[in-house]
Amino acid sequence: MKIIILGAGQVGGTLAEHLAREENDITVVDTDGERLRELHTRLDIRTVVGPGSYPVVLRQAGCEDADMLIAVTSQDEVNMIACQVAHTLFRTPTKIARVRATAYLTRKGLFAHEAVPIDVLISPEQVVTDHIRRLIEHPGALQVLEFAGGLVQLVAVKAYYGGPLVGQDLGFLRRHMPSVDTRVAAIYRRNRPIIPRGDTVIEADDEVFFIAARRDIRAVMSELRRVDRDFRRVVIAGGGNIGERLAEHLEHSHQVKIIEHGLERCTVLSERLNRTVVLHGSATNKRLLEEENIEECDIFCALTNDDEVNIMSSMLAKRMGAKKVLTLINNAAYVDLVQGGEIDIAISPQQATIGSLLTHVRRGDIVNVHSLRRGAAEAIEAIAHGDTQSSKVVGRAIGEIDLPRGTTIGAIVRGKEVLIAHDDVVVESGDHLILFVIDKRRIRDVERLFQVGLTFF
């Protein structure tokens with residue numbers, strides 16, 4: 001595909017890296033020439049210096065025959081105008097824009113072909129907020145991903161000494177929990193992937209990705225580790241867009257406090273939020289944390305826009321007795337350094353957002369993509385179409401499907417029914433298949449599986 005990316009910031013740069021690896025024709029546009037040079041030396045991409053909303057710049061970037069425009073600059077207005085220009089002058093087929101301001105997002109009918117012609121809206125703050133909310137709802141999980149409208153979840157947990165399944169083979173899970181259907185999609189041991197089989201033995205400290213119907217998730221988690229009690233007391237450091245949205249979502253079911261250093265912002269937050277306690281001060285102030293009884297906090301979420309403040313406040317809160325700490329880290333290089341020590345969960349906003357963008361780039365009927373393990377792996381929801389003649393999956397039992405190496409099918413959603421993918425389950429047209437791909441290089445092969453042959457038409 002020929003794709004133009006506007007904005008070479010963290011989201012734009014990460015996206016260019018992902019897509020360039022997959023042999024797409026990528027052009028990145030930004031006003032920062034130095035940042036573009038750095039990307040160009042690292043990746044096989046074209047770059048154009050200039051404002052992304054200018055018609056002359058878009059023409060120079062090749063908008064006339066581009067398949068897709070992805071506008072992810074830091075300014076909503078630039079992204080919106082760029083999509084309008086691409087539609088009016090160049091008839092670009094697919095236009096994706098990052099829009100953050102709720103003032104735009106809440107206006108009905110604004111983003112339509114006859115108004116501002118944007119095909120897909122991406123709100124990174126909302127994606128990250130949802131990601132954090134799911135982790136708070138599932139204490140002990142490292143990652144919680146939803147498929148098929150929330151009917152199925154893929155959860156990553158760290159196996160601990162003392163968990164009933166630790167030291168046992170995977171076949172034991174089915175014997176031990178006959179009423180709960182689940183499948184282990186992948187295991188990471190010392191950062192190396194293992195494709196699970198019935199005789200694979202789970203060891204302590206393994207990172208286990210399992211898939212199950214939403215209602216069964218807690219039961220399966222209890223087999224791998226002691227289940228943490230539900231989080232009730234939540235402290236949020238940083239009252240920006242993510243902090244505010246998270247507090248708004250949690251305040252009716254949790255005790256929530258927000259620490260914000262900007263006095264004006266504190267006033268705004270106290271007016272907008274109903275039950276949240278808003279505190280003016282620094283999250284790295286030991287005395288403030290002591291006064292607010294940080295040792296009684298179930299989870300401390302550091303969500304400021306400063307990585308160093310997030311890391312230091314999280315480490316301080318943990319040492320002072322916070323049960324769990326979750327840290328937002330923009331610099332992807334820091335994520336692996338800090339997670340698993342004093343910081344329980346490190347979240348990269350780019351990695352959380354990238355999946356929602358990749359969904360629209362994939363070939364075949366792909367409705368959901370989640371980027372995992374810093375982009376090395378992917379979880380995909382694909383819809384099977386066709387019949388036994390035109391499709392490589394329809395009418396075949398899962399055990400008969402020629403899956404690319406390192407790919408597992410975890411579950412099938414048929415209407416509202418969740419079927420865990422055992423070898424004898426037969427795929428029907430219209431089924432949603434949830435796949436785990438541990439080797440990103442196999443993505444093209446996975447896409448081909450779900451492309452329908454000409455006989456279908």
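Two residues are in contact when heavy atoms lie within 4.5 Å. The model is predicted: local features need pLDDT of at least 70, side-chain atom pairs count only at pLDDT 80 or more, and totals for chains, interfaces and linings use all residues. Residues are numbered from 1 along each chain as its sequence is written, and side-chain values use heavy atoms, leaving out hydrogens and water.

Start with Lys-2. Leaving out residues up to four places away in sequence, Lys-2 touches Asp-25, Gly-62, Asp-65, Ala-66, Asp-67 and Met-68. Its side chain makes a polar contact of 2.7 Å with that of Asp-65. Such a contact is a pair of N or O atoms within 3.5 Å; within protein, one must be able to donate a hydrogen and the other to accept it, and residues adjacent in sequence count only if both atoms are side-chain atoms. Lys-2 belongs to strand S1 (residues 2-6); strands are DSSP runs of E, at least two residues long, numbered from the N terminus. Lys-2 counts as buried because its relative accessibility is 18%, and buried means under 20% relative accessible area (1.4 Å probe, protein chains only).

Next, a sheet. Five strands form an open, antiparallel sheet in the order S7-S8-S11-S9-S10. Strands S7 (141-147) and S10 (192-194) stand at the edges with a single partner strand each, so one side of each has no neighbour in the sheet. Pairing requires at least two DSSP bridges between two strands. Six bridges join S7 to S8 (residues 152-158). Ala-141 has Val-157 as its bridge partner in S8.

Finally, Leu-435 lies in strand S22 (residues 432-437). Leu-435 is buried because its relative accessibility is 1%. Its C-alpha atom is 5.1 Å from that of Ile-380, 55 residues apart along the chain.

Note on methods
Helices (H or I, at least four residues) and strands (E, at least two) are DSSP runs, numbered from the N terminus. Buried means under 20% relative accessible area, exposed over 50%, partly exposed in between (1.4 Å probe, protein chains only).
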